[in-house]
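Let's take a walk through a protein model together, one piece at a time. Keep the 3D view open and turn it as you read.

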Amino acid sequence: MKRLLSLSLALALALTVATAAPGLAKTLKVGSLSPLTGPYAADGNDIANGVRAAIAVVEQEGGIPGYDAIELFPQDSACDPRQAVAAANKLINEKVAFVVGAYCSSATIPASEALDEESIPMLTPASTSEKVTERGLAHMYRLCGRDDDQSVVAVKFMVEHLKAGTVYIIDDKTTYSQGLADNVETRSGTANIKVLGHDHVNQGDKDFSAVLTKVKQADPAVFYMSLQNSSSGALMAIQARRMGITAPIIAQDAVYHPQLMEIAKDAAEGMYLTFGFIDEERPLYKLFREQYAKMGFAAPGAYSGYAFDAAYAALKAIKETAGTDPDKMKAALMAMDYDGATKRIKFLPNGDSGSNYIIRKVEKGAFINYWNPETNALY
C-alpha cells in the first residue's frame, strides 16, 4: 500500500514538474491602454476590440511558437494622465510583452514614459500629437498620423477647395486638440486665411452657446472644431446648426466615429473631417473586418483598424524573433514593409509610420472619401 502511495506521489510530482518546466506551452501576455469608461469609451473599446481581432487572426494563422495562447490585458486610461500611468504600471506588473495604446495624447505621453523605463514597447493607434514620437523614446511607435500633417491637409482644403478667406477655431484645451488647433491657426495665417477667433471649451461641456454666439457673430467662411471625441463634436454641431451657423464645419480624426451621425443626425450632414485614407480592398483589411464581425463587435470605429495593425505588427515581430526581447522586436519592427489593414506598415526611425490624411465627408448619414490633397481632386 505504501509503495502504491509512493508511486502515486511520485507520478503527481512528475506531472507538476513537467507542467511547470520551461520551454513548454505558456501564455503570451499583451496589453491595451485606452478609455474603457466615460465620454471616450466608444473609441477606447474600439481600440481594445481591434487588438482582440489581431490576436484572433494571428492564432488562426498558427499562433506563435512556444505559446499556447495569447491573452489581452485591457486597461482603462480614462484619458486621464494619472490613471494612464497607474494603468501602465499594472501592465508592467503583469509583464506584458507590449502595449497598444493609448487614445488621448495627454494620457499616452506619461504612460509611455513609465513603459519605456521598463523597455516595454508601446504602439499607439490614436495619439497624433507630434510630442508622442519626438521625445527620443526607444520603444515608442505610432500607427496613425500626426497633427502637424493633419493640419496641413485641413488648411489646404480650406484654400484649394473651399476657397475660404476666414476661419473660426474652437478646441477643448487637451494636449491633442489644442495642439492640432494651434497648428491650424499657424498654417491658416501662412495661407492668408484670417483667423477671426480661436476659443476654448472644457472637456465634458455640453452647453456651447457662449462660444457659438461668438462664431455666429464673426460669420467665418469655415468653422473648425478640434475636439477630443465624437460625442462632443456631435453636440457642438447640433447647437451650431440650431443657432444658424451655416459655415462649413471641418473637424478631425477624434470626431470621426459612427457615433457622430448617431447623435447629431441631420446636423452632421455635410461635415468635413480629416482622417487617414484606408483602402478597404486590402486583403488584411478584409480579414480584419471579417474577424471583427465574427467576434460580434459593431462596425469598426475610427481606431479599430489602427489598433489591429499595431497589435498584428507587434505579434509578427515576436513571431519573427522567437521571443519578446524589446531590442530584437525593435529591429524586426523597423525592418517591416508590408500592406497592413489600414496602411503600408513601414516605420520611420522615430517610430512614426507616416501620415496619409484625406478629407472625408458625411453624406446621407455615412462617411465617404471626398477630397484627395495630393491631387486636389474629388474622389
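Below we go through a sheet, a pair of helices, the core, some hairpins and a few single residues.

First, a bit of housekeeping: this is a predicted model, so local features need pLDDT of at least 70 and side-chain atom pairs count only at pLDDT 80 or more, while totals for chains, interfaces and linings use all residues. Residues are numbered from 1 along each chain as its sequence is written, and side-chain values use heavy atoms, with hydrogens and water left out.

Let's start with the sheet. Helices (H or I, at least four residues) and strands (E, at least two) are DSSP runs, numbered from the N terminus. Two strands count as paired if DSSP finds at least two bridges between them. Five strands make an open sheet here, in the order S2-S1-S3-S4-S5, and their pairing is parallel. Which strands stand at the edges? They are S2 (69-76) and S5 (140-142); each has a single partner strand, so one side of each has no neighbour in the sheet. On average, neighbouring strands of this sheet are turned by 20° against each other, direction ignored. Zoom in on S4 (residues 122-124) and S5, and you'll find three bridges joining the two. There, Met122 sits opposite Met140 of S5. As background, strands of a sheet pair through backbone hydrogen bonds, either parallel or antiparallel.

Now for the helices. H4 lies across S1 (27-34), S3 (99-101), S4 and S5, and runs at about 160° to S4. Axes are lines fitted to C-alpha atoms, for helices over the stretch in contact, and angles run from 0 to 180 degrees between N-to-C directions. H4 (residues 105-117) also meets H3 (residues 81-94): their axes come within 8 Å and cross at roughly 35°. The crossing of H3 and H4 is right-handed, a label used when the near helix is turned clockwise from the far one by less than a right angle. Contact means heavy atoms within 4.5 Å. Among the residues making this contact are Ala84, Val85 and Ile92 of H3, together with Ala107, Ala111 and Leu115 of H4. By class, the contact between H3 and H4 has ten nonpolar, two polar and no charged residues. For that count, Ala, Val, Leu, Ile, Met, Phe, Trp, Tyr, Cys and Pro are nonpolar, Asp, Glu, Lys and Arg are charged, and the others, Gly among them, are polar.

While you're here, look at the loop between S3 and H4, which holds Ala102. A cis peptide bond joins Gly101 to Ala102, with omega about 0°. That's worth a second look because most peptide bonds are trans, and most residues other than glycine have a negative phi.

Next, the inside. Buried means under 20% relative accessible area, exposed means over 50%, and partly exposed lies in between (1.4 Å probe, protein chains only). A nonpolar core is a set of buried Ala, Val, Leu, Ile, Met, Phe, Trp, Tyr and Cys residues joined through side-chain atoms within 4.5 Å. Which members of the largest one, with its 123 residues, touch the most other members? The answer is Phe98, Phe223, Leu260 and Met271. H11 (residues 304-321) gives the most to this core, with eleven residues. Gln150, in H5 (residues 147-160), is a buried residue because its relative accessibility is 0%. Apart from neighbours within four places in sequence, the contacts of Gln150 include Thr128, Asp253 and Tyr357.

Finally, the hairpins. S13 (357-363) and S14 (366-372) run antiparallel and are joined by five bridges. Glu363 has Ala366 in S14 as its bridge partner. This hairpin has two residues between its strands, and Lys364 there takes a positive phi near 55°. Is Lys364 buried or exposed? Lys364 counts as exposed because its relative accessible area is 78%. S14 then pairs with S15 (residues 377-378) in the antiparallel sense, over two bridges, and Trp371 stands opposite Leu378 in S15. The hairpin of S14 and S15 has four residues between the strands, and Asn376 in the turn has a positive phi of about 55°.
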